[in-house]
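This report walks through one protein chain, from overall make-up to single residues. The sequence and the structure come first.

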Amino acid sequence: MRLRALQLGLLVITGVANAQYFSAGWTPGQPVPTEPAAAPMSWPHASQEAGSNHASTPSKFLDEVVTAGPVSAIMSLVGLNVSGTRDVGWDERIPLISDSNYHDIIVNEELSPEEEEKRVCTVTAGQPDGISKYVDTVFDQTYNYTLDKGDLPHVRFGRIDYLDVTSITTKWAVWSAPTLVVLQDRGQTLRFYQGGRMHLSAEFLYQFLKEEVWRMKEPWRSAFSPGGQREWVLDYFALVLSTVYSFLVRVPRWLMYVASGGAASVIINLLHKPSTRRPALKPTPKQKETSVPLVAKGESTATSGRGQKSTSKRKGKQ
């Protein structure tokens, strides 16, 4: 019995033991076996990355609040971009018109008198998202369509970044995007079309330019249009907005976030400020009017006659 128990114990031990114990071992002439180096632990490095990501989280949050929050939305209403540079996929063959090169591309373009008379510039003012992105895609397709057809040599295509260009859009009184602008006479004759309200396609826009359907709409003629009596108003307004924009792009985003929060708190406090109540005036007591009994005219004459008779009787008795 003891022998069988000993045999069972040996079998259990050999089953648990590692198979490396049964290797042939080292023989003379073979290189000395070395154990493989352990892989370096990457936990500290990962913890450092996690710490750096955690440290950069507040700054990223502030940037997102300023550039993608209500501040950016409010500034975009007047054509100011505080979201910084953006990655847009526009066709580079179509020139991008800005405040600095507008006069070189449109106003001071070298043209012969015949070319100047026929020159038509088609410009789209939009943003790289939403319906503006679709309109820009159709605009690029129309440009390629004209190149394939080989016609419309007098039409020049251009593009304006609505959030990055301030002076031109202000002078044109363009407050929404996308907007399709047809220019003539070196930018003095303007026609505006809301791109979001047109069922645009490459073929439709091509026929729109080829058949000159845009002539069916009257150009912009008002006191504020180019050549108007009050054109200087929009010029000064454009100068003010351009100055504000040039200042905002230099301000750090976190400082803009703090300033906007402080301004919002001041405005809220002013709106919720309790009004000063004036002491209520006590009503003055009304004087009671003395009522005088009215006597009829007949009765007054009768009483006066009786009084005269009584006095005359008294005088006769005396």
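## Ground rules

Helices (H or I, at least four residues) and strands (E, at least two) are DSSP runs, numbered from the N terminus. By that rule, A173 sits in the loop between α7 and β4.

The model is predicted: local features need pLDDT of at least 70, side-chain atom pairs count only at pLDDT 80 or more, and totals for chains, interfaces and linings use all residues. Residues are numbered from 1 along each chain as its sequence is written, and side-chain values use heavy atoms, with hydrogens and water left out.

## The chain as a whole

The chain holds eleven helices and five strands. It has 318 residues, of which 27% count as buried. Buried means under 20% relative accessible area, exposed over 50%, and partly exposed in between (1.4 Å probe, protein chains only).

Contact means heavy atoms within 4.5 Å. Take the contacts with a separation of 6 or more: residues 24 or more positions apart account for 71% of them.

## Two nonpolar cores

A nonpolar core is a set of buried Ala, Val, Leu, Ile, Met, Phe, Trp, Tyr and Cys residues joined through side-chain atoms within 4.5 Å. The largest one has 19 residues. Inside it, F157, Y193, F208, L209 and W214 have the most contacts. Four elements each supply at least two residues of this core: α6 (130–149), β3 (155–161), β4 (179–184) and α8 (202–210). Another core, of 18 residues, lies apart from it, with I106, I160, W172 and V174 among its members.

What does F157 touch, not counting residues up to four places away in sequence? The list is I94, P95, T122, F139, T142, Y143, T146 and L209.

## Helix α6 against helix α8

The axes of α6 and α8 come within 8 Å and cross at roughly 65°. Axes here are lines fitted to C-alpha atoms, for helices over the stretch in contact, and angles run from 0 to 180 degrees between N-to-C directions. The crossing of α6 past α8 is right-handed. A crossing is right-handed if the near helix is turned clockwise from the far one by less than a right angle, and left-handed if anticlockwise.

From α6, the residues V138, F139, Q141, T142, Y145, T146 and K149 take part. They meet A202, E203, L205 and Y206 of α8. By class, this contact has six nonpolar, three polar and two charged residues. Ala, Val, Leu, Ile, Met, Phe, Trp, Tyr, Cys and Pro count as nonpolar, Asp, Glu, Lys and Arg as charged, and the others, Gly among them, as polar.

T124 lies in strand β2 (residues 120–126). Buried or exposed? T124 counts as buried because its relative accessibility is 1%. Its side chain makes a polar contact of 3.5 Å with that of D136. A polar contact is a pair of N or O atoms within 3.5 Å; within protein, one must be able to donate a hydrogen and the other to accept it, and residues adjacent in sequence count only if both atoms are side-chain atoms. Beyond its neighbours within four places in sequence, T124 is in contact with V135, D136, F139, G158, R159, I160, T179 and L180.

Q184 is found in strand β4. At 10% relative accessibility, Q184 is buried too. A polar contact of 3.1 Å links the side chains of Q184 and R191. Leaving out residues up to four places away in sequence, Q184 touches R119, V120, T189, R191, W214 and R215.

## Backbone points to check

Where is P178? P178 is in the loop between α7 (167–171) and β4. A cis peptide bond joins A177 and P178, with omega about 5°.

A173 is not glycine, yet its phi is positive, near 60°. With 31% relative accessibility, A173 is partly exposed. E212 also has a positive phi, near 55°, in a residue other than glycine. E212 belongs to the loop between α8 and α9 (231–248). Its relative accessible area is 30%, so E212 is partly exposed.

E115 is in helix α5 (residues 113–118). It counts as partly exposed, at 44% relative accessibility. E115 and H154 are 39 residues apart in sequence, but 7.2 Å apart in space, C-alpha to C-alpha.

L241 lies in helix α9 and is buried, with a relative accessible area of 9%. L241 and S167 are 74 residues apart along the chain, and their C-alpha atoms are separated by 7.3 Å.
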